[in-house]
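Have the model open while you read.

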Amino acid sequence: MEIKSNRRLWGGLILTLVYPFGGIIYTFRRIQWKEAEYWFLLICVYIGLAFIYFDSTSTTMQGEGKDAERYAMELITLHRSDISFTHYIAAEADKRQDNDYYAATLLYFVSRFSGNPQLFFGLAALIMGLFFAKTAWIIINKTKKHPFVYLLIIAMLLSAPIWKINGVRWWTALYVFLYGILSFLFYKKPRKLIWCILAVLIHFTFLFVVYVVAAWLLLPKKKLFPYVVLFTVLSLMSSFDLSSWSGWIARLIPSFYNEDKIIGYMAFEYTASHNWFADSGRYVSIYTNLFLVLVSFYKCRDLIKKDNLLRKFFILMLMVSSLCLFINFAPWGRRFIDLSNFISFAWFCYAFSIPEFREKTKNAFTIAMPFMLYFIGFQINKGLYSIGLYNTFFGNFITVFLYNDNVPIHSYF
């Protein structure tokens with residue numbers, strides 16, 4: 001059996017190296033195999049290398065667009081500089097006025113041997129992908145084969161996909177945090193909680209999520225109703241001005257953080273233009289999750305209460321999602337819905353793999369299926385802005401360095 005497993009592992013790795021698009025199809029068709037975790041990590045690295053950090057069809061100047069462009073320009077400038085690591089980190093801390101050292105350290109490390117942004121995003125994708133894969137397969141290893149489970153796994157993986165590497169810090173912090181809390185929950189290893197703390201050093205806004213985890217550890221978990229009510233109310237609310245809570249938020253922030261910057265992130269001065277379609281995926285996921293949570297609570301309340309792990313996971317999901325929904329009311333906070341979606345779909349994956357739960361809720365999941373398919377299609381559509389046609393369908397780990405494919409697939413539609 002071990003020889004067969006090794007053959008499957010290396011077969012998938014070689015396929016992904018030679019033809020990544022074939023590796024993607026192969027991996028997703030065998031997503032519940034234990035070897036798929038390693039193929040998935042390799043796919044993450046390839047997408048990082050092929051990631052379009054500067055769109056040649058864009059009308060903005062380099063460095064003025066998305067975060068990825070600024071990272072690329074910073075790397076090129078840093079590569080030409082002989083500044084020391086300590087001086088660079090000190091300058092970045094002074095400029096940014098926060099304690100996020102992760103991206104700056106990664107940029108400096110890559111700049112010492114290359115000014116090629118592909119290598120920076122490839123390395124960033126390797127690190128993010130490592131925690132992404134480990135986190136996802138904590139859940140996948142606990143699931144059972146079923147069409148709805150497969151659909152839920154796909155929705156979970158696409159909640160915060162690897163092409164979010166544009167925001168190097170925040171989405172890496174997301175998976176570092178999730179790896180820590182889910183490892184603690186499923187494997188009962190308290191030391192894994194240190195990863196939740198480290199996520200704050202990657203992006204400071206995870207401080208609020210750590211507060212929620214602390215509350216989850218301390219609060220009683222026998223009654224589900226209060227947590228369901230909080231989650232339901234926040235899901236149904238459409239607007240809330242967080243700036244009125246700035247004084248309360250400031251009291252929660254340790255003195256070594258810049259309070260004005262964190263409150264600024266939370267306030268409505270960070271605005272964005274979004275049409276209905278741009279927001280549709282977010283709203284579909286919010287209300288689909290709400291529907292499934294309410295059905296799960298109504299039909300499987302006794303089962304959830306009886307199963308200790310299922311109950312703790314359910315309450316954790318509701319508390320983290322409630323925070324994410326609260327922050328989501330500020331335009332900048334939209335990204336927190338990715339965290340809410342991942343942990344919600346993760347709980348549904350785990351719960352639906354329990355025969356009794358599946359039997360009681362299968363009709364509800366049938367109703368929710370078209371909405372989950374819409375969410376999956378919406379997320380894939382967003383990914384078409386991040387990679388080129390050639391690199392997607394024909395490229396590999398060698399050609400990605402030889403062919404400058406910086407026209408996103410979406411521009412062809």
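How much space lies in the largest cavity? About 40 Å³, on a 1 Å grid over the protein atoms alone, where a cavity is a set of points that a 1.4 Å probe fits but cannot get out of, and lining residues have an atom within 4 Å of a point. Volumes here are the space filled by probe spheres set on the points, which are joined across faces, edges and corners.

A note on ground rules: this is a predicted model, with local features needing pLDDT of at least 70 and side-chain atom pairs counting only at pLDDT 80 or more, while totals for chains, interfaces and linings use all residues. Residues are numbered from 1 along each chain as its sequence is written, and side-chain values use heavy atoms, leaving out hydrogens and water.

Back to that cavity: the count comes to one of 30 Å³ or more. Its lining is Phe231, Ser235, Ser285, Ile286, Asn289, Leu325, Ile337, Ser340 and Asn341. Two or more of these come from each of α12 (225-236), α15 (276-306) and α17 (336-352); helices are DSSP runs (H or I, at least four residues) numbered from the N terminus.

The second largest pocket (an open set with protein on both sides within 12 Å along at least five of seven lines) holds about 610 Å³. Of its 25 lining residues, Ile24, Ile47, Leu158, Trp163 and Ile380 lie nearest the centre. Helix α3 gives the largest share of that lining, five residues.

Here's how the two linings divide by class (Ala, Val, Leu, Ile, Met, Phe, Trp, Tyr, Cys and Pro are nonpolar; Asp, Glu, Lys and Arg charged; the others, Gly among them, polar).

Now for helix pairs. Axes are lines fitted to C-alpha atoms over the stretch in contact, with angles from 0 to 180 degrees between N-to-C directions. Helices α10 (194-202) and α11 (206-218) pack at about 160°, axes 8 Å apart, so α10 is roughly antiparallel (over 145 degrees) to α11. Their contact (heavy atoms within 4.5 Å) uses Cys196, Ile197, Ala199 and Val200 of α10 and Phe206, Leu207 and Val210 of α11.

Helices α7 (117-140) and α9 (168-187) cross at roughly 25°, with axes coming within 9 Å. That is why α7 and α9 count as roughly parallel (under 35 degrees). Their contact has 18 nonpolar, three polar and one charged residues.

Technical notes:
Parallel < 35°, antiparallel > 145°, perpendicular 65-115°, else oblique.
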